[in-house]
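Subject: Structure handover

Hi,

Here is the structure I promised to pass on. Please open it and keep it beside you while you read.

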Amino acid sequence: MMTKQELIERFYINHQEMIDYVNSLTDEQFMYRENGKWTAGQQLSHVYLTLLPFLKVLPSKEFIMQKFGKINRPTWNYNTVIENYFKTSLKAPPQFLPEQVPLEQKAIITANIQKNLLSIQQLLNQYTDDELDTLVLPHPLLGNLTIREMFYLMTYHPTHHLIQTKMNLEKTPQ
């Protein structure tokens with residue numbers, strides 16, 4: 001199991017790797033779309049959209065406890081969370097579907113992600129290990145997860161979309 005600090009650090013690093021890669025792309029690569037797949041900009045926007053709920057829910061442990069409660073099963077480790085994620089449809093719910101992302105939005109989305117990452121890191125630091133392992137947050141595909149499990153998934157999430165972005169760009173016409 002990752003310590004809280006390792007989890008927070010890996011969460012940040014993985015998001016930063018996604019940001020750095022997308023920001024290194026040419027304008028043509030940023031906008032490239034193959035067979036209806038998301039552009040690099042849409043991948044980045046999706047990652048941004050998935051961070052927003054945490055800014056609303058993490059400030060109140062009391063709200064989380066009242067609304068969602070505590071987990072009623074043994075805590076999953078990182079690998080179990082990822083294995084269970086891949087057993088789902090992997091389809092983003094409507095609120096997390098990105099619109100078209102014009103080039104002018106790249107810097108804005110990047111800045112917003114970085115700002116939100118710092119806020120989420122600060123919020124997670126206010127939780128004890130016990131709270132991370134017992135308090136529940138709902139995931140649209142996996143159901144109830146502990147906060148630690150949710151952040152195992154959210155640590156993997158930008159990597160998943162970075163891989164998708166790279167695979168899509170492998171098909172870029174030369």
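Below is what turned up, starting with the first helix. One caution: this is a predicted model.

**Helix α1**

Helix α1 covers residues 4–24. It has 21 residues. From its first C-alpha to its last, α1 reaches 30 Å, close to the 30 Å expected at 1.5 Å a residue.

Look next at its buried side. The buried residues of α1 are Lys4, Leu7, Ile8, Phe11, Asn14, His15, Gln16, Met18, Ile19 and Val22. Why do places three or four apart matter in a helix? An α-helix has 3.6 residues a turn, so residues three or four places apart point the same way.

What do the buried residues of α1 pack against? Their partners are α2 (27–31), α3 (40–57), α6 (106–125), α7 (129–134) and α8.

**Aromatic pairs**

A pair of aromatic rings is described by the distance of the centres and the angle of the planes. A search of the whole structure finds seven aromatic pairs. One of them is Phe11 with Phe151, an edge-to-face pair. Their centres are 5.2 Å apart, with 75 degrees between the planes. This pair links distant parts of the chain. Phe11 sits in α1 and Phe151 in helix α8 (residues 147–169), 140 residues apart. Both Phe11 and Phe151 are buried.

Tyr85 and Phe86 form another edge-to-face pair. Here the figures are 5.5 Å centre to centre and 70 degrees between the planes. Phe86 has a relative accessible area of 41%, so it is partly exposed.

There is also an aromatic cluster: Phe11, Phe54 and Phe151 belong to it.

**The strands**

How do strands β1 and β2 run? They are antiparallel, and four bridges join them. β1 spans residues 136–139 and β2 spans residues 143–146. A hairpin of three residues connects β1 to β2. Val136 stands opposite Thr146 in β2.

Over to you.

Best wishes

Conventions:
Residues numbered from 1 in each chain as written. Predicted model: local features only at pLDDT ≥ 70, side-chain atom pairs only at ≥ 80, totals over all residues. Heavy atoms only, no water. Pairing = 2+ DSSP bridges. Helix = DSSP H or I, 4+ residues; strand = E, 2+ residues; numbered from the N terminus. Phe/Tyr/Trp six-rings, centres within 6.5 Å; stacked < 30°, edge-to-face > 60°. Buried < 20%, exposed > 50% of the residue type's maximum accessible area, 1.4 Å probe, protein only. Expected span 1.5 Å × (residues − 1). Contact = heavy atoms within 4.5 Å.
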